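Work through the two exercises below with the coordinates open, and try each task before reading its solution.

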Amino acid sequence: MKMKKLFVFLLPVYAIAGLILFNAGKDGDTKNTGTKTDSRNTATAPVTANAGLTLPTGFSAAAIIENLSSPRHLVVTPQNDIYVHLSGSNNGKGILVLHDDGDKATLKTGFANYGGTGITIKNGYLYASSNSDIYRYKLNDKNEVIDPAKPETIVTGLTNKRMHNSKSIVLDNDGNIYVNIGAYSNICSDYDKDKKGCPVLADAAGIWQFKADKLNQKQSDGVRYATGLRNVVGLDWNQQDNLLFVMQHGRDALHDLYPNLYTTKQSADLPAECMFALKNGDNAGWPYLYYDWMQHKKMLGPEYGGDGKKEADSKYLEPAAAYPGHFAPDGLLFYTGSQFPEKYKNGAFIAFHGSWNRAPEPQEGYCVVFQPFKDGKPDGKYEIFADGFAGPNKSPDGALHRPCGLAQGPDGSLYVTDDQKGTIYKISYKK
Amino acid sequence: MKFKIACLALVTSLFILNLNAQVRHPKKHSSSASSMARGKIVYSSICLSCHMAGGAGVPHLNPPLINTTYVLGDKAKLIKIVLNGFNEDVEINGQTYSNTMTPHSDLKDQQIADVLTYVRKSFGNKASSVRIAEVKRARATK
């Protein structure tokens, strides 16, 4: 009874205190934002400059088109046309054709009754993938698709079990096409309960190689070129090395599955997102190991007897470079243009889509990184090249934009897609 | 300054209230409130890393727990998802989600009731509690 009275008596006190607290908080916020904006304005340019991105000195960015429906990978022709693959097919337009007029792009047309990720041009053909097939379209001498309604089917029936089903593609210089087939599992534990060997590796978790000009191939007609790769989205052919490079999305949930071995902080930082240079027959070791980018060691996975300290068998492929956990590399591009300063030539740009599996730790990524290369090998630490895509809320649902695909234009500009809000950015350099 | 005084007043009065509560009503908690509190702990340690602190999930990968019949509808179905995991095509408000959810049958009935009560009453959701008996029933039926 007394208790109730006391509470009623105190109610107005709470109300007033709450109001003051609320307003005090608001004041603080306003002041903070004000200061930030002011300092930015005086230091460089308004916040909206460079389409909201922060870039190294001398670079500028423009949002050349906005509000596309989840654009994934893209390719730019010598005539400044852009083919961009949407994750879904909207009204039979899974691939859009844009024309880049400099600082803005206009929509020309669209085709393909399938969504997907992979898209590239080689030897007079546009190659594109759905989540289970690879098609190609003959191009005319202006790099326009001659018959958008009648693609040739190169490969059909690739493993597609929903999880990690996007199929990125790239060609070499010898008539082969490479496609990633992601593992339909985080760490294979549901498929390998007795730890006898992960069966997912038979038809997924690797890169498959097919003939680029042979029609109607099945997965079994291809070569499992490299295995032990959990999921690759960003990949590119390095012309200097004449070698395939891929970016692997590392495993999730070390802490969730093994709270006694990994803290939430360790689970956010680990494992590394790895870059691999692949040769035929390579095995990167998923699901048996993960890479620790802080110790520079291949670690035995906890599902297979690891304890956070035991190293993995050295027979597995060493990564070419490693990046912090869960950054989600969705795009890889070797820069061969001449517009950017000399140090960028033959180096790698990586689009990091941004993390979700770092929760409850803060999310990271949501940026485009530059990895310097020397003599065809990663050389030194990566640099954040373009940042600010996410805006104030770096989280998967709160991010304004999330970088995904990368392409190089004929003048050496760099194009970046954002599959969250559908922006395409064009990044250029002027001395 | 205003801020400090307000904090002090709030903390002091809460302290007094709390003392009173402890002295006079040592066990006066509604069962739903404590189920929510326990459920939040389960959620934070098991669910949060995929479905996020605010239940919004991750676009294209992990489904949201807000404004969906998967959460607000049939409780038996919802309990089954926790017990058996989830590896089906799912479309919520026009978007699809591709990640596989692992089974959580190792959780105790109480924990499942608590965490689902928490999920059904949080993030703007306003659905009924999940009781232990309902979890037991779902566990017993195939």
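This is a predicted model: local features need pLDDT of at least 70, side-chain atom pairs count only at pLDDT 80 or more; totals for chains, interfaces and linings use all residues.

Residues are numbered from 1 along each chain as its sequence is written, while chains are lettered from A and ligands numbered from 1 in the order in which they are written.

**Exercise 1.** Determine which residues of helix α4 (residues 75-84) of chain B are buried, and where they lie around the axis.

*Solution.* Helices are DSSP runs of H or I with at least four residues, strands are runs of E with at least two, and both are numbered from the N terminus. A residue counts as buried if 20 or more other C-beta atoms, placed from the backbone, lie within 10 Å of its own. By this criterion Lys75(B), Leu78(B), Ile79(B) and Val82(B) are buried. They cover an arc (taken from the directions from the helix axis to the C-beta atoms) of only 100 degrees, which puts them on the same side of α4(B). Finally, α4(B) is followed by Gly85(B), whose phi is positive, near 80 degrees.

**Exercise 2.** Describe how strand β16 (residues 243-248) of chain A is paired.

*Solution.* Two strands pair if DSSP finds at least two bridges between them. Strand β15 (residues 232-238) of chain A runs antiparallel to β16(A) and is joined to it by five bridges, with Trp237(A) opposite Leu244(A). Four residues lie between the strands of this hairpin, where Asn242(A) takes a positive phi near 50 degrees. β16(A) also pairs with strand β17 (residues 273-278) of chain A, again antiparallel and over five bridges, and here Phe245(A) stands opposite Ala277(A). As for burial, five of the six residues of β16(A) are buried.

Technical notes. A residue is buried if 20 or more other C-beta atoms lie within 10 Å of its own, exposed if 12 or fewer, and partly exposed in between; C-beta atoms are placed from the backbone.
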